[in-house]
Amino acid sequence: MKKHNFNAGPSILPREVIENAAQAILDFNGSGLSLMEISHRAKDFQPVVDEAVALFKELLNIPEGYSVLFLGGGASMEFCMVPYNFLEKKAAYLNTGTWAKKAMKEAKGFGETIEVASSEKDGYTYIPKNYEVPADADYFHITTNNTIYGTELHADPDVNVPLVGDMSSDIFSRPVDVSKYICIYGGAQKNLAPAGVTFVIVKNDALGKVSRYIPTMLNYQTHVDKGSMFNTPPVVPIYVALQTLRWVKAQGGVEEMQRRAQARAKLLYDEIDRNKLFRGTVTNVEDRSLMNICFVMADEYKDLEADFLKFATERGMVGIKGHRSVGGFRASCYNALPIESVQALVDCMQEFEKLH
Ligand code: PLP
C-alpha cells in the first residue's frame, strides 16, 4: 500500500534525494568508499559544503555579509548559542509555543529577557499581534513556525531591533527577508536533511559584540572562521542537504515551494472547515501554519478520534497523530509532500464522514 508521510520530523525527503544519498553511501563519487567512510577533509567533500552554502545564499537571497554554517547540536543548542553570542544587555522573545519558550528559558541565563507577548494561556492557538519590542533589546527572537501548535508567522515582522529566527520547520517554504535578521537557525530534519545537522545563517558584523567569554565550540565566530570545519561536521546529513537544495532549485526555488505549500494547505483546511466531524485548532485563521496542519474531532464526535486514526492508518496515512501536548491530529505538509498525499487524506476524511 502507498504510504503518505505526514510525520512532523524527522520527515519526508524527495525520493530522488534519498536515491542519490543511497548511491553516495554505497560509493561516494566513484571513490570506492562510502560517504560514511570519507574524511570531511577529503578533497571531494569541500565542494559539497561550498555548493550547499552557495545554494543557501542563492535560494534565500542572502545579502552580502552573512555566513552559512552547518553545525551539530540541533536547534536546541542554538537556544543557548544565540544568547551566548548576542545577548549583552537585554533580549526580547515572542512566546508562541513550546520551542519558543525553551529558547527563552536559555536566554534568561545570560541576561535580561523580556517576553513581549505570549499566547500560552490560550493554548498557543494564535500568534500575538499587539506587542512592543524594547528599542534597546539586542535582538527579538521569533519562532516562525510552531511545529506543535500549527501556527506560523507568514512574513518577517517589522520591528526596530534585529530579528533572530528559529526556522526549523518552515525554512525554504517561503521567501525570507534575511536582511532583517542577525541570525536564522534550525534543525534540518524537516525541510532539508535527516537529523544531525543544524543550519545557522549569521550576520558577520553582529558577532564579537558581547563582553563575556564564549567557549570555542559555542562561539559562532569559530565556525565562521573555519567554514564549519572546526571539528568533524555531520558529513552525511550535509550531503543530503545539498541534494535537497539542488532539488528545491530545480523545482523553481522557494517561491514554488510556497505556492505548493499554499495549495496543499488550502486543500486540507477547506476539508477541515467543511467536514462536520473535524475542526481546526488554530483560532486565528491567518495564523494557520502551511507546514503543520492541526485539527481535532468536533466536540460531538470526540469519541471517534481513535477510530479515525485507525481508519486513516489502514489507508496508508503515516504520522497524523497530534503532538502529545495537543492531541488530535497533525498533518505535517513539508516541501517534499506531494499534493496527492493531501488528497488521499482528504478522501479518507470524506469516506469517514459518510460512515457517521
Ligand atoms: N524549534 C522548532 C520550531 C522545532 O520544531 C524543533 C523540533 O521539532 C526544535 C526547535 C528542536 O529541534 P532539535 O530537535 O533539532 O533540537
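Mentor: Begin with a term: two residues are in contact if their C-beta atoms, placed from the backbone, lie within 7 Å. Keep in mind also that this is a predicted model.

Trainee: With that cut-off, which residues of α6 does α2 meet?

Mentor: The α2 side of the contact consists of V48, V49, E51, A52, L55, F56 and L59. By class, the contact of α2 with α6 has twelve nonpolar, no polar and three charged residues. On the α6 side, the residues are I238, Y239, A241, L242, L245, R246, V248 and K249.

Trainee: Are α2 and α6 oblique or perpendicular to each other?

Mentor: Helix α2 covers residues 46-59, and its axis is 9 Å from that of α6, at an angle of about 40°. Angles of 65 to 115 degrees count as roughly perpendicular, and those under 35 as roughly parallel. The crossing of α2 past α6 is left-handed. The pair is therefore oblique.

Trainee: How is α6 placed against α7, roughly parallel or roughly perpendicular?

Mentor: The axes of α6 and α7 (residues 253-274) come within 7 Å and cross at roughly 80°. That angle makes α6 and α7 roughly perpendicular.

Trainee: Which residues of α7 take part in that contact with α6?

Mentor: By class, the contact of α6 with α7 has three nonpolar, two polar and two charged residues. From α6 come V248, K249 and Q251. Their partners in α7 are G253, V254, E256 and M257.

Trainee: Which element gives the most to the side of domain 1 that touches domain 2?

Mentor: The domain assignment gives domain 1 as 15-251 and domain 2 as 252-354, and their C-alpha centres lie 27 Å apart. The contact takes 25 residues from domain 1 and 26 residues from domain 2. On the domain 1 side, the elements giving two or more residues are β6 (145-146), β7 (151-152) and α6 (235-251). With three residues, the one that gives the most is α6.

Trainee: How many residues on that side of domain 1 are charged?

Mentor: The side of domain 1 that touches domain 2 has nine nonpolar and eleven polar residues. The charged residues there number five.

Trainee: Are α8 and α9 oblique or parallel to each other?

Mentor: Helix α8 (residues 305-314) and helix α9 (residues 339-354) have axes that come within 10 Å and cross at roughly 130°. Angles over 145 degrees count as roughly antiparallel. The crossing of α8 past α9 is right-handed. The two helices are therefore oblique.

Trainee: What classes of residue make up the contact of α8 with α9?

Mentor: F308, F311 and A312 of α8 make the contact with L345, C348 and F352 of α9. There are no polar and no charged residues in it, and the six residues are nonpolar.

Trainee: Which helix supplies the largest share of the shell around the ligand?

Mentor: The ligand is surrounded by G9, G74, A75, S76, W99, T143, T147, D166, S168, S169 and G187. By class, these divide into two nonpolar, eight polar and one charged. The largest share is three residues, and it comes from helix α3 (residues 74-86).

Trainee: G9 is in that shell. Which residue does a cis peptide bond join to G9?

Mentor: The omega of this bond is about -10°.

Trainee: Where does F172, with its positive phi, lie?

Mentor: Phi of F172 is near 65°, a positive value in a residue other than glycine. Its place in the chain is the loop between β8 (163-166) and β9 (181-187).

Methods:
Residues numbered from 1 in each chain as written. Predicted model: local features only at pLDDT ≥ 70, side-chain atom pairs only at ≥ 80, totals over all residues. Axes fitted to C-alpha atoms, helices over the stretch in contact; angles between N-to-C directions. Helix = DSSP H or I, 4+ residues; strand = E, 2+ residues; numbered from the N terminus. Left-handed = near helix turned anticlockwise from the far one by under 90°. Nonpolar A, V, L, I, M, F, W, Y, C, P; charged D, E, K, R; others polar. Near = placed C-beta within 6 Å. Domains from an automatic or database assignment.
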